[in-house]
Amino acid sequence: VGTQSISPLLWAIETGSHDAAKAILVDLLTIRADRDRYYYGMDVLFERHPDIIQRLCVDAPSLLPDLLDGLVWRSRATENGLRRVNYYIKHLVVDAKGDFARATEWFTQHNDPRIVCHPIVIYVTDLVWSRVALRTFMFGKSWFLFTLSVFIMSQAVLNRSLHDAGQMDETTRTSIFVFRCFIYVCSMGHRMYIHAKSISLSVRKRHYITRFGCICMPGYLANWKECASLILTLLLFLMLCTEPILHCTTDPVGHAAFCQTGARGDQVFKAYSLFSTGAMFMHFCLLTDLSVLSTHVSAFVLVCGRVLSELALFLFGQSFVVFTFACGISAMDQDSPDFDGIPASALTLYKMTFGMFSGRRYDDLDDHPWLLIAVFLYIATTAIFLLNLLIAQLNTSYHTTYQDMLGFARLHRGKVVAETMPVVSKIRWQRFVALLRLNEPCEFGEGDLGPAGGLRIFEPASASIVTADAIRRFGGSTSPAAQWPEEESFASGEADRLDRMEKLFEKAMKRVTTTRSKHDSSGGGGSSEGNPHSGVSYATSVTESHVEGTD
């Protein structure tokens, strides 16, 4: 219009005319053919709108299935129980500059577990993951696995061997010192650098998030893995501050080299062991990121994470009930040592809930009948009501999440792919794209070369039912100057035909009913009872005759 170039597809999407936009998408992604060549609008669509997937994710997500369906061609014929399928993935993998396309990133940002389970999205994600991203991802995780192994050796293996031996071996002490120096310098130092860089970047961009209503934090901490990594860094720093080996060096009494026991070392050893335990837990929490290697394991981990909210609600209710009964029992006239004050009463009630209270100690409550009644009420409230309520909540939450858990696992893998691909070297990516041969024609059959930009696979014939050829073929002149033949609206034609068949069937049933009533009134009831299918056969024959007339 004038000096501006307006896209009808983009205009339809922006104005909310989704039916018109759907018709344009279907028309562009319909494969047509004459006697000389094939015509497919995929390249035109993505060259004109390289961000069409992002626009659909934001403005018209209901059109995403139509776009993705148009990038898949399935053969009507089958061979040995297999069906030929072409996935036209060129613009989902490679952008106009030859780099990795952002389609996977846009799909994961859309956060729809059903869209990422579309066959072509699954194929693209798994292809890039297995051929490119997996190697880079595991190379990046290898450093974490190595540091975790060193941490386990220094904190849980060699440290225990000292206590078992009852004395300090110089080789073991030296090994522990070297491993801990590695942890503090390489692991903690590397993490401190990464978090300092991320915090400064968030501050420069003024990207903040608010948690618990009032706590402002850098925006990068919106990811739970970054939060866990920051907590791990803080715990490692606290371990360094309370390191027994360093404190023993300042002890006035002489000790062996790298000794952990001494007057000053013993003062900080308990705090150091607690920080070490927390750091161990954080390491293994971050290790769950490897669940992306299997979609089934990833789905299980994600389901566990989503039902944790129900467990948190149960623990909140449990704590409220424990505090209520602990206060009530402490106000009661009783001298049981297990219920001596609110803290002791709360600890005893928690032990009862989790089966850690000895059965013999219940007999001591016989001397305090009112205390025994309060304990009975507490057990009925928690063991019978709250625990069964928790089971019902977990069951309902799991059933709701299970329907889309594979989709959430696919979303997780897609996010990992999108985060990993910028690290892949340019040469390796170009080699991968060259092996795909996306610029070569993709066959529809033996010797039948179709449009380029796709990859051919074979799927079980029962996976999809194809009754009509998806390619619109036209005869006649193949001259570019000739007008394109008009297409019949197959969908509307089929719908009109079905409507006519329904009306004819209704008329036929009315005629059958009228004929039978007349026959019964004239004394022909016995014949009708003798052949109960005669009316149905007549209706079928009448309907078939009318349908043949409409054809």
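**Contacts and burial in a predicted chain**

Trainee: Is Phe182 buried or exposed?

Mentor: Phe182 counts as buried, because its relative accessibility is 19%. Buried means under 20% relative accessible area, exposed means over 50%, and partly exposed is in between, with a 1.4 Å probe and protein chains only.

Trainee: What kind of model is this, and how are residues numbered?

Mentor: The model is predicted: local features need pLDDT of at least 70, side-chain atom pairs count only at pLDDT 80 or more, and totals for chains, interfaces and linings use all residues. Residues are numbered from 1 along each chain as its sequence is written, while side-chain values use heavy atoms, with hydrogens and water left out.

Trainee: How many aromatic pairs are there?

Mentor: There are 12 aromatic pairs in the structure. For Phe146 and Phe182, the ring centres are 5.5 Å apart and the planes stand at 85°, so this pair is edge-to-face. Phe146 belongs to helix 8 (residues 119-165) and Phe182 to helix 9 (residues 170-204), so the pair ties together parts 36 residues apart in sequence. The rings considered are those of Phe, Tyr and Trp (its six-membered ring), and they pair if their centres lie within 6.5 Å; planes under 30 degrees apart count as stacked, over 60 as edge-to-face and the rest as tilted. Helices (H or I, at least four residues) and strands (E, at least two) are DSSP runs, numbered from the N terminus.

Trainee: And how exposed is Phe146?

Mentor: Phe146 has a relative accessible area of 45% and is partly exposed.

Trainee: Which residues form one aromatic cluster?

Mentor: Tyr38, Trp73 and Phe444 form one such cluster.

Trainee: Changing topic: how many salt bridges does the structure hold?

Mentor: The structure holds 14 salt bridges. The criterion is a side-chain nitrogen of Lys or Arg within 4 Å of a carboxyl oxygen of Asp or Glu. One of them joins the side chains of Glu446 and Arg84, at 3.8 Å from N to O. Glu446 is in the loop between strand 7 (441-445) and strand 8 (448-452), and Arg84 is in strand 4 (residues 82-87), so the bridge ties together parts that are 362 residues apart in sequence.

Trainee: Where do those two partners stand, buried or exposed?

Mentor: Glu446 counts as exposed at 68% relative accessibility, whereas Arg84 is buried at 5%.

Trainee: What else is placed by Arg84?

Mentor: The C-alpha atoms of Arg84 and Phe458 are separated by 4.8 Å, although the two residues are 374 residues apart along the chain. Phe458 sits in strand 9 (residues 455-460) and is partly exposed at 41% relative accessibility. Leaving aside residues up to four places away in sequence, Phe458 touches Leu82, Arg83 and Arg84. Contact here means heavy atoms within 4.5 Å.

Trainee: Which residue forms a salt bridge with Asp126?

Mentor: Arg413 does, with the closest N and O atoms 3.1 Å apart. This pair links distant parts of the chain, with Arg413 in helix 17 (residues 405-420) and Asp126 in helix 8, 287 residues apart. Arg413 is buried at 7% relative accessibility, and Asp126 is partly exposed at 23%. Salt bridges that share partners also join Glu14, Arg55 and Asp59 into one network.

Trainee: Which residues of helix 4 are buried?

Mentor: In helix 4 (residues 52-59), the buried residues are Ile52, Ile53, Leu56 and Cys57. These residues cover an arc of only 135° around the axis, which puts them on the same side of helix 4. The arc is taken from the directions from the helix axis to the C-beta atoms.

Trainee: What do they pack against?

Mentor: The buried residues of helix 4 pack against several helices, among them helix 1 (8-14), helix 2 (18-28) and helix 7 (103-110).

Trainee: What about the chain overall? How many helices and strands are there?

Mentor: The chain has 21 helices and 10 strands. Of its 551 residues, 38% are buried. Among contacts with a separation of 6 or more, 69% come from residues 24 or more positions apart.
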